[in-house]
Amino acid sequence: MIQILENERTFHLQTTASSLILHVMESGHPVCLYWGGKVDGDSFSYIVKEIKKASYLSGTDGNQAFRLEQYPLLYPAYGNPDMRTPAFLFRYEDGSRITDLRFQGYEVFHGSRKLDGYPTCMDKEAEGIVVKLSDRAGQAEVWLTYTVFQDYDAVTQSAKVFNPAKTSMVVEKLMSGCISFLDDRYDCLTLTGAWGRERHVNREAIRQGLFVLDSKRGASGHGSNPFVALVEPGADEDNGNVYAMNLVYSGSFEADIEVDMHQNTRMMMGINSFDFAWKLDGGACFQSPELVLVHSSEGLGGMSRSFHRFYRECLMPKRFAHSCRPVLINNWEATYFSFDRKTILALADEAVRLGVELFVLDDGWFGHRDREDSSLGDWTAYEAKLGGTLESLAEEIHARGLQFGLWFEPEMVSPDSHLYRSHPDWIIRVPGHEPQSGRNQYVLDLGRKEVQDYIIDSLDRVLGSAGITYVKWDMNRNITDIGSAVLPADRQKEVLHRYMLGLYRILEEITGRYPDVLFEGCAGGGGRFDPGMLCYFSQIWTSDDTDAMERLEIQRGTSMAYPGIAMGCHVSACPNHQMGRVTSLHTRGVVAMGGNLGYELNLLELGETEKQEIREQIAFYKHIRDTVQNGILYRLKSDGQEYAWMYLAEDGSQAVVSHVRVLARGNTVPKRLKLAGLSRDSWYEVTVAGEKVGNSDKSRILSGSSLCSIGLPLSVPEGDFFAEQWIVEKLHK
Ligand code: DGJ
């Protein structure tokens, strides 16, 4: 709901549990009066009027009592007495960089508005407001759009600039949104890491100065996720205020968190302004991507549950947002590039016997690709290796009762390919510089329409032919040598953003043509796990690191913003190919059941006992799959040594509880694990996973209140990496 107050100068944006209050000061500068738990009232401007004046600051508009630098500005500019990090920066034809934005008016709308060319959160019940600002010298207009998704406790923000002049201007920075706080008592929580250890949770107190979290890689990246949260120091999983931002964009991004000298905090996020500039012709507009804001007064757990629900309902492809994902086998770690039809079919035969539902043929099925140095771009079947056509292989897979899925890396080209030989200028590069190759490949210039069309046509040809129901869309290097053969000198800083817009066009087109194909995103594992991708890819390969212990922290961090149904999680071989660590098949299964379960190991090398265990894992997962994939997540413990989480079915009928202890310790007495989210007045049957539900010797009947307040007894670990799992079924009396 949006309430218009105080002579149409205050806008109170309300979700079920939170308030975001915007206000226009007498000067015409918009400010953020408040963001947090829901508040009541019909006037809030006293918040800025009561700010005590500090010394040694310049007055504004000739008024010595009005010090812009102390106000919680909504969309701060550069070159005025604000003196802090601006949310935008424009350069005009005469070289000047001053833009003095003041309030011009506002417009309220119903439903959500699709942002042209971008993935957007959509809900017909949403309500929005556009706050219109214009430069006092008439050089630019900026519209800030806020959309309120009341039932989801989420608000989105974006910014659009219009050049009203006849001459061009340059957009050097345009953050999607900015929020200001009148205090600085926060921890900053980020999801950072590297390849193989993506999205580890990082939490540190903020202090005076500027903290920048960014990616300059042309992808959101393994190193930093476009997510940042300010967290009250005492807040934990269940309690306390959390203020989170997540950018719906998959390219280079920037988040600025600044604490000024008067203990105010400013937080903003958008396209990375580093090496970015967009030339805006007279009469043209430039739109930013969308930023999602979630406030929770129920700690990090409350924040995550809001994000999960919001993304499933308002962002992810509708067709797959609620449909259970097939248990898959992927041949990558089983065979790498060395396979033939006989091996593939033998793997498929074994997989069917174990209960697998989808066979995914990974890298190496096209061109003449037997190693990583050839054929990307040539999306035609390698028939000599496949022992016939792709269609005939797909038929043989289907005949076994399996769905068939295929790997692609459409954004890349190998120097050894027909595509590169025909179009060497289609790659991102700077003339006169030998382009860097990463994993022996170049990046295609997706900003070019003919390149986009080539990719769309190539994929269309394959997807239209072989009964493919799943696509793994990979991207195995970041972008260097930023330059495009088709852009003039004064537009070269547009290359990375044009790449993203091109990618979104391709994804919109191809996922639109194949709405029933389940697309899984991947970028060397989880190098592009962000809301922008989630709009097209119903699941994302969480990390190339499948070691169960590493996955604990990776999946915990990922779950901060992204739902379990979006996470690809596989059981792989031991010793683990990335870490060399040995963990039990049971532990690997428990951890992989934290998301969409798959297998990525050579089933043909397993003994009967292991195969039987996998058969039982898959049967168990099918019983809990709906709860894991569509349920509500509660993180019960995560202290580096012990991790416990629980998925509760939306109707409360079933819960799946998992607990993993990393290292065993001498002579310690395991404690109890308290559950969450259950109905305190109901009764539940608790069974250890692997036992038959309803077997009265193995099950216990306990009340919801005792499960949440007293908890389940944990076992004495039988060695390191020890995992337990319970299924909790509600009894209907
Ligand atoms: C990187 C991915 O993350 C892997 O799962 C696999 O698909 C390889 N690429 C194939 O080249």
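Residues are numbered from 1 along each chain as its sequence is written, and side-chain values use heavy atoms, with hydrogens and water left out. Because the model is predicted, local features need pLDDT of at least 70 and side-chain atom pairs count only at pLDDT 80 or more, while totals for chains, interfaces and linings use all residues.

Starting with the overall picture, the protein chain has 15 helices and 38 strands (DSSP runs numbered from the N terminus, helices being H or I of at least four residues and strands E of at least two). Its C-alpha trace spans about 85 × 70 × 45 Å along the principal axes. The radius of gyration is 27 Å, which agrees with the value near 27 Å for a compact globule of 733 residues (taken over C-alpha atoms, with the globule rule being 2.2 Å times the number of residues to the power 0.38).

On to the ligand. It is surrounded by 13 residues, and the closest are D362, D363, K472, D474 and D544 (a residue counts if one of its heavy atoms lies within 4 Å). By class, this shell has six charged, four nonpolar and three polar residues; here Ala, Val, Leu, Ile, Met, Phe, Trp, Tyr, Cys and Pro count as nonpolar, Asp, Glu, Lys and Arg as charged, and the others, Gly among them, as polar. Polar contacts (pairs of N or O atoms within 3.5 Å) include one of 2.7 Å between a ligand oxygen and an N or O atom in the side chain of D362. R439 places a polar side-chain atom 2.8 Å from a ligand oxygen, and G525 has a polar backbone atom 2.9 Å from a ligand oxygen. The protein buries 97% of the 300 Å² that the ligand exposes when taken alone (Shrake-Rupley areas with a 1.4 Å probe).

A cavity is a set of points on a 1 Å grid over the protein atoms alone where a 1.4 Å probe fits but cannot get out, and lining residues have an atom within 4 Å of a point; points are joined across faces, edges and corners, and the volume is the space filled by probe spheres set on them. The largest cavity has a volume of about 160 Å³. Of its 16 lining residues, L552, Q555, R556, S559 and W645 are the closest to its centre, and α12 (548-558), β31 (632-638) and β32 (642-648) each give two or more residues to the lining. The second largest cavity holds about 90 Å³, and its lining includes H29, P30, Y75 and D100.

Finally, the backbone. Most residues other than glycine have a negative phi, and most peptide bonds are trans. C574 and P575, however, are joined by a cis peptide bond with omega about -5 degrees, and P575 sits in the loop between β29 (567-572) and α13 (585-592). E6, in the loop between β1 (2-5) and β2 (10-14), has a positive phi near 50 degrees.

How values were computed
On a 1 Å grid over the protein atoms alone, a cavity is a set of points where a 1.4 Å probe fits but cannot get out, and a pocket is an open set with protein on both sides within 12 Å along at least five of seven lines; lining residues have an atom within 4 Å of a point. A polar contact is a pair of N or O atoms within 3.5 Å; within protein, one must be able to donate a hydrogen and the other to accept it, and residues adjacent in sequence count only if both atoms are side-chain atoms.
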